[in-house]
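Dear colleague,

Please find below the structure I am handing over to you.

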Amino acid sequence: MNIWLVIVIGVAGSVLGRYILLLYAPILAKMYLKESKNNDIQILREKMRENVWKGQMIILAYSLLPLPTTPLFLGAGISKIKAKYIIPAFIIGKFTSDTIALFAGAYAVENTQTIIDNTFSWKSALSLVFGLILIFCLFVIDWRTLIHSKKLILNFKIWK
């Protein structure tokens, strides 16, 4: 199989999936989150508008890391950041990280048994916990107060 074709198709699928997430996240947030929490997350859009290039670099750096991008796109979607501000940096980061991952996959193919033996490891559990913590932070941190007043306030009353 042509590795470059796999990379292009994989990145295209990932971008399409994240674009769909951007579209339906505000709808779900409106249905399930309190209006005050939705307004709080809007601060992310304001910060992105202040310095688009800085936001692009943050998105690029985040998408280069082996972290789940669901929290990033949930936050962007809920705050109604336009796709043109987030997708280009994501494409570059995703293409780069996927290319590295696929070429590193050659090593993985040679060590299949070791990988199977370590499927449920502390690393996989830690990755899951870290992703859940990111989503938790997105919803319970009062972002407006944190950014404007530099005070960390947690609000657990986010559901309608």
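Predicted model: local features only at pLDDT ≥ 70, side-chain atom pairs only at ≥ 80, totals over all residues.

Largest pocket. The space in the largest pocket amounts to about 720 Å³. Its lining consists of 21 residues, and those nearest the centre of the pocket are L44, K47, I58, L72 and W143. Five helices, α3 (43-50), α4 (52-64), α5 (70-78), α8 (122-140) and α9 (143-149), each contribute at least two residues to this lining. The most comes from α4, which supplies five residues. Sorted by class, the lining has 15 nonpolar residues, three polar and three charged.

Contact of α3 with α4. On the α3 side the contact involves M48, R49 and E50, which meet V52, G55, Q56 and I59 of α4. The residues of this contact comprise three nonpolar, two polar and two charged.

Contact of α1 with α6. Helix α1 (residues 3-32) packs against helix α6 (residues 83-110) at an angle of about 145°, with the axes 9 Å apart. The crossing of α1 and α6 is right-handed. Among the residues that meet here are W4, V11, Y19 and L22 in α1, and F90, F95, L102 and F103 in α6. By class, the residues of the contact of α1 with α6 are 17 nonpolar, two polar and three charged.

With kind regards

Key: Residues numbered from 1 in each chain as written. Heavy atoms only, no water. 1 Å grid on protein atoms, 1.4 Å probe; cavity = no way out; pocket = protein on both sides within 12 Å on 5 of 7 lines; lining within 4 Å. Points joined across faces, edges and corners; volume = space filled by probe spheres on them. Helix = DSSP H or I, 4+ residues; strand = E, 2+ residues; numbered from the N terminus. Nonpolar A, V, L, I, M, F, W, Y, C, P; charged D, E, K, R; others polar. Contact = heavy atoms within 4.5 Å. Axes fitted to C-alpha atoms, helices over the stretch in contact; angles between N-to-C directions. Left-handed = near helix turned anticlockwise from the far one by under 90°.
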